[in-house]
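Visitor: Hi, I'm new to this one. Could you walk me through some of its side-chain contacts?

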Amino acid sequence: MTEQKTSPTLLGQSNLKLLFGSVIDSLGAYIYIKDLEGRYVYVNQLVVDLFDQPIENIIGEKDERFFSLAISEQLRKNDLIVMQQGETVESEEKNIITHSGETKYYWSVKKPIRDDQGVIIGMCGISTDITEQKMLQAEINKKQQLLDTIVENVDAYIYMKDNKRHFQFINNKTAQLFGVQAHDVIGKRSEEFLPESVVEQFEVLDNKLLAEGNAVSGEETFVDEHGNTKYYWSSKVPIKDEEGNLQAFIGFSNDITELIELKKKLEKQASIDDLTQIGNRRRLLEFAEKEFKRAKRNQTSLSFINIDVDHFKQINDTYGHHVGDQVLVNVAQTIDKCLRSSDIVGRMGGEEFTIVLPESDIKICQVITERIQYAMTQLPLSPNWPSPDITVSLSLGLTELDPQSNSLEQALIMADKALYQA
């Protein structure tokens, strides 16, 4: 018995055409064919929907009926390249739909159509709508431009490093500080282009953030090419992935050099006598209190010398306060030159001075006072003094810390008594 085989049913020509059209319409792209005059000879359903016209009103028409070619000139230029030069064109096209005024962006691929002899008889095109992506990219670009404007103009040094401390970004302000081009440091660590001393300063906060994974802030210093020390207040914020793993961190540093210098100046003003430029009463008492506690704790010696300029009121009354000021300046400078590096002299007020001598007994005090008295006899008269008849002498009171003293005040009172006796 012979088995009879049946041949598969072949689709008819019309069915194939319908199937082909259905496939073309479902591709999600605008597909069309034009003749050499630029007239449409075929469009798929997406093109029909775009133009909002029956297909019979599209076939045989040119682009100027559907597009504003004054704005969409790239569309026509691309068509001419394909049909006159026989090249395939892939490019972005901006189209203004005439009936709606809507702006559309497409990524178009256009190829020539040739006959059997290779002669160009038209072109076919496939255009994909990228309007949404284009608008999204424009919004991203706008935000990026805004961010770049802020980052490059804000008065701060901004930078980003990965979790291995490789730079991922620095703004131009930071690049200028480092003396580099911003793009040259990407992927590099600080030690590859900065002095070791500077890197050590940066690593303190960097390593703390990398170790703890939390935001950190603190003071950092940077020495520029001229040897000037700059001070910065830095805040560093971690960037983590979805699992909480530290991937990178962003740093923001503000120059606080002026503030630090002002602070130092104020601290100096608070501890230095304006006239004589030696320590003032506050600084002297702070130093004395510290040495008093150390001497009591370690059972070491501590001595004081109180000094008074003799007949100072008479100098002021006779020659004026400006001369009296010159006398005080010269006396202070003379005393200061006679002291050891461990000693400190301060102006207690008016013409009174006090010297604190750590780890010194009364014998050492006597040596210092003799040195001061001798220096005073050699004191050159200032050329600003009106008379060579001015003589300056000092009264000095010496005292060594009594082990039984319970306070610095008691010790200073003893030095005052010694001065009065002098």
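**Contacts and pairs**

Guide: A salt bridge here is a side-chain nitrogen of Lys or Arg within 4 Å of a carboxyl oxygen of Asp or Glu. This is a predicted model, where local features need pLDDT of at least 70 and side-chain atom pairs count only at pLDDT 80 or more, while totals for chains, interfaces and linings use all residues. Residues are numbered from 1 along each chain as its sequence is written, and side-chain values use heavy atoms, with hydrogens and water left out.

Visitor: Where do Lys 104 and Asp 129 lie?

Guide: Lys 104 is in strand S4 (residues 103–114) and Asp 129 is in strand S5 (residues 120–129), so the pair ties together parts 25 residues apart in sequence. Strands (E, at least two residues) and helices (H or I, at least four) are DSSP runs, numbered from the N terminus.

Visitor: Is Lys 104 buried or exposed?

Guide: Lys 104 counts as buried, at 14% relative accessibility. Asp 129 is partly exposed, with a relative accessible area of 24%. Buried means under 20% relative accessible area, exposed means over 50%, and partly exposed is in between (1.4 Å probe, protein chains only).

Visitor: How many salt bridges does the structure hold?

Guide: It holds 22 salt bridges. One of them joins Glu 291 and Arg 294, with the closest N and O atoms 2.8 Å apart. Both residues lie in helix H8 (residues 281–298), 3 residues apart, which is about one turn of the helix. Glu 291 counts as buried at 8% relative accessibility, whereas Arg 294 is partly exposed at 25%.

Visitor: Which residues do shared partners join into one network?

Guide: Lys 34, Asp 63, Asp 79, Glu 93 and Lys 110 are joined that way, through salt bridges that share partners.

Visitor: Switching to rings, how many aromatic pairs are there?

Guide: The count comes to 11 aromatic pairs. Rings of Phe, Tyr and Trp (its six-membered ring) pair if their centres lie within 6.5 Å; planes under 30 degrees apart count as stacked, over 60 as edge-to-face, and the rest as tilted. Take Tyr 157 and Tyr 232: their ring centres are 5.3 Å apart and their planes are at 85°, so this pair is edge-to-face.

Visitor: And where are Tyr 157 and Tyr 232?

Guide: Tyr 157 lies in strand S6 (residues 157–162) and Tyr 232 in strand S9 (residues 229–240), so the pair ties together parts that are 75 residues apart in sequence. Tyr 157 and Tyr 232 are both buried.

Visitor: What lies over the face of Tyr 157?

Guide: That's Lys 173, at 4.9 Å from the ring centre. To count as over a ring, NZ of Lys or CZ of Arg must be within 6 Å of the ring centre and within 35 degrees of the ring normal.

Visitor: New topic: how do strands S1 and S2 pair?

Guide: S1 (residues 30–35) and S2 (residues 40–43) pair in the antiparallel sense over 3 bridges. Two strands pair if DSSP finds at least two bridges between them. The two strands form a hairpin with 4 residues between them, and Gly 38 in the turn has a positive phi of about 85°.

Visitor: Which residue in S2 is the bridge partner of Tyr 32?

Guide: Val 43 is the bridge partner of Tyr 32. Tyr 32 also belongs to one aromatic cluster with Tyr 40, Phe 51, Phe 66 and Phe 67.
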